[in-house]
Amino acid sequence: MAGAATAQAGTLAGLRLAVVGAGWAGLAAAVAASQAGAQLTLFEASRQPGGRARNVALAGAGGQPALRLDNGQHILIGAYRASLGLMHTVGLDVARCLQRLPLDLRDAQGQGLALPAWPSRLPAPLQASAQALGTAWALLRAQGWGWGERLALLRRLQAWQRAGFACAPTASVAQLCAGLPQAVVQQLIEPLCTAALNTPLAQASGAVFLRVLQDSVAGGPGSADLLLPTVPLGDLLAEPAWRWLQAQGAQLRLGQRINQLQPVADSQAGAGWLLDGQRFDAVLLATPAGEALRLLRPLAAETAAGAGAAASDLRSWLQQAQALRHEAIGTVFLRAADVDTTPPSPSLLTRPMLALAPGGVAQYVFDRQQLTGEPGLLAWVASTLDAALDKAALTQRVLAQAQALPGLAGRRWQPVASIIEKRATFACTAGLQRPGQQPCSAWPRLLVCGDYVHGPYPATLEGAVRSGQQAVAALCRAVAGAHSA
């Protein structure tokens with residue numbers, strides 16, 4: 001982002017810009033717009049920034065200290081270069097806040113795929129060769145797979161690479177992987193698809209899945225590395241970005257929900273907007289899809305009497321946003337009641353993150369002691385969660401998984417918190433038409449960003465950051481075009 005920010009410097013000088021929403025997309029947009037010189041006001045309906053990637057304060061019980069947990073356990077990967085660049089921009093010490101590990105999808109018994117770590121100081125051409133050899137070597141050494149299974153996956157990866165990691169837009173991940181051995185699908189494809197797309201294989205977009213593979217496993221040195229937060233999630237971007245924006249003189253409004261968005265009648269081609277009566281030159285909506293729909297639906301009447309193409313644009317955008325389905329993610333925090341919390345306490349898991357055997361409600365478990373220093377605390381993540389499952393039922397099913405996991409059986413567990421984000425992600429299905437960045441061509445200074453907006457990534461933190469930055473780049477082009485006209 002540094003290069004893009006430098007190129008845009010001054011482009012938005014003097015522009016009164018409102019960004020609505022302070023999740024990762026809104027924060028990324030706000031930082032980019034501030035770098036471009038905008039007079040920025042950032043509105044956030046909740047009492048803290050971060051959106052679905054925020055801190056959750058939990059009072060201590062039974063003599064335990066208070067905790068700052070996450071609104072869901074998150075994973076980043078080395079390919080998330082826009083997110084990492086944004087963190088650097090706002091002054092975050094990335095090496096301190098993220099634990100970098102080679103991609104490791106092994107379970108408690110060591111079965112599954114793990115990529116080796118390679119020296120970081122090799123020359124670039126050797127780094128690329130080392131990663132390619134390392135991926136092939138890891139596939140050949142994957143535990144629990146026979147030679148036929150390993151070679152079948154290696155051949156399929158080579159075929160995808162020859163095809164430029166592209167497929168028909170209507171192809172599902174299940175169709176893409178048809179013919180692969182069951183062990184490969186269960187221990188590699190399904191965990192990757194669940195973690196990245198949060199959509200079942202039979203419905204998940206093969207095209208988006210291949211893009212994730214291209215940018216991670218085939219994306220160059222370190223791209224496939226796991227980056228696991230070692231600080232509370234809000235400290236990873238939201239709070240540092242908030243402080244950075246304050247230092248730049250941005251107007252920041254927490255706990256302020258926007259109720260009405262209107263074009264200014266005396267402005268040219270959507271170059272003026274009213275947010276609850278306050279005038280701005282441009283507006284960027286960085287809210288969840290439902291909130292964007294609430295604000296944009298009343299504008300359909302504004303286009304009805306105007307150009308037919310503009311009215312069609314907005315109707316199409318509203319229909320695509322309305323058609324989005326959402327998937328839930330649950331995170332259950334369990335503490336081992338029989339663990340000695342006196343430092344140094346032994347870790348419960350052999351690695352900071354373990355994949356879990358198919359069949360259970362959770363797909364991954366994280367050792368918070370190895371990540372954030374909380375003794376005896378594990379976070380169990382259940383993606384593609386049945387929306388009908390409540391917190392009590394989810395907790396009981398995770399407790400059953402904990403009792404059955406090798407190395408944890410027989411321990412006494414204390415449920416600490418169960419968090420279900422019912423609209424955690426959009427369902428990234430094959431052939432999905434996602435709403436675009438500009439809801440109406442007649443209004444070039446009204447833009448939308450978020451992980452659900454059209455783009456190559458699924459509903460990830462990286463997708464949100466890129467969307468926010470791209471929306472500001474589009475606004476810069478619109479403003480520059482108006483000045484040159």
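Buried means under 20% relative accessible area, exposed over 50%, and partly exposed in between (1.4 Å probe, protein chains only). The views show a predicted model, in which local features need pLDDT of at least 70 and side-chain atom pairs count only at pLDDT 80 or more, while totals for chains, interfaces and linings use all residues. Residues are numbered from 1 along each chain as its sequence is written, and side-chain values use heavy atoms, with hydrogens and water left out.

**View A. Asp276 and Thr384 have positive phi values**. Asp276 has a phi near 50 degrees and is a residue other than glycine. Asp276 is found in the loop between S10 and S11; helices (H or I, at least four residues) and strands (E, at least two) are DSSP runs numbered from the N terminus. Because its relative accessibility is 37%, Asp276 counts as partly exposed. For Thr384, also not glycine, phi is near 45 degrees. Thr384 belongs to strand S16 and, with a relative accessible area of 26%, is partly exposed.

**View B. Phe43 and Phe280 form an edge-to-face pair**. The structure holds 2 aromatic pairs (ring centres of Phe, Tyr or Trp, the last by its six-membered ring, within 6.5 Å; planes under 30 degrees apart are stacked, over 60 edge-to-face, the rest tilted). In this one, the ring centres of Phe43 and Phe280 are 6.1 Å apart and the planes stand at 90 degrees, so the pair is edge-to-face. Phe43 sits in strand S2 (residues 39–44) and Phe280 in strand S11 (residues 278–280), so that distant parts of the chain, 237 residues apart, are linked. Phe43 counts as buried because its relative accessibility is 2%. Phe280 is likewise buried, at 2% relative accessibility.

**View C. Trp273 and Trp443 form an edge-to-face pair**. The centres of the Trp273 and Trp443 rings lie 5.2 Å apart, and a plane angle of 85 degrees makes the pair edge-to-face. This pair also links distant parts of the chain, 170 residues apart: Trp273 is in strand S10 (residues 273–275), and Trp443 is in the loop between strand S17 (413–426) and strand S18 (446–448). Both Trp273 and Trp443 are buried.

**View D. Arg150 lies over the face of Trp147**. The distance from Arg150 to the ring centre of Trp147 is 5.0 Å (a charge over a ring: NZ of Lys or CZ of Arg within 6 Å of the centre and within 35 degrees of the ring normal).

**View E. The second largest pocket has a volume of about 450 Å³**. Its lining consists of 24 residues, and Ala357, Pro358, Gly359, Gly360 and Gln363 lie nearest the pocket centre. A pocket is an open set of points on a 1 Å grid where a 1.4 Å probe fits, with protein on both sides within 12 Å along at least five of seven lines; lining residues have an atom within 4 Å of a point. Helix H8 (182–197) and strand S16 (377–385) are the elements that give two or more residues to this lining. H8 supplies the largest share, 5 residues. By class, the lining has 11 nonpolar, 9 polar (Gly among them) and 4 charged residues (Asp, Glu, Lys, Arg).

**View F. The structure contains 0 disulfides**. A disulfide is a pair of cysteine sulfur atoms within 2.5 Å. The sulfur of Cys428 has its closest cysteine sulfur in Cys193, at 8.3 Å, too far for a bond. Cys428 is buried, at 2% relative accessibility, and so is Cys440, at 1%.

Key. Grid points are joined across faces, edges and corners, and a volume is the space filled by probe spheres set on the points.
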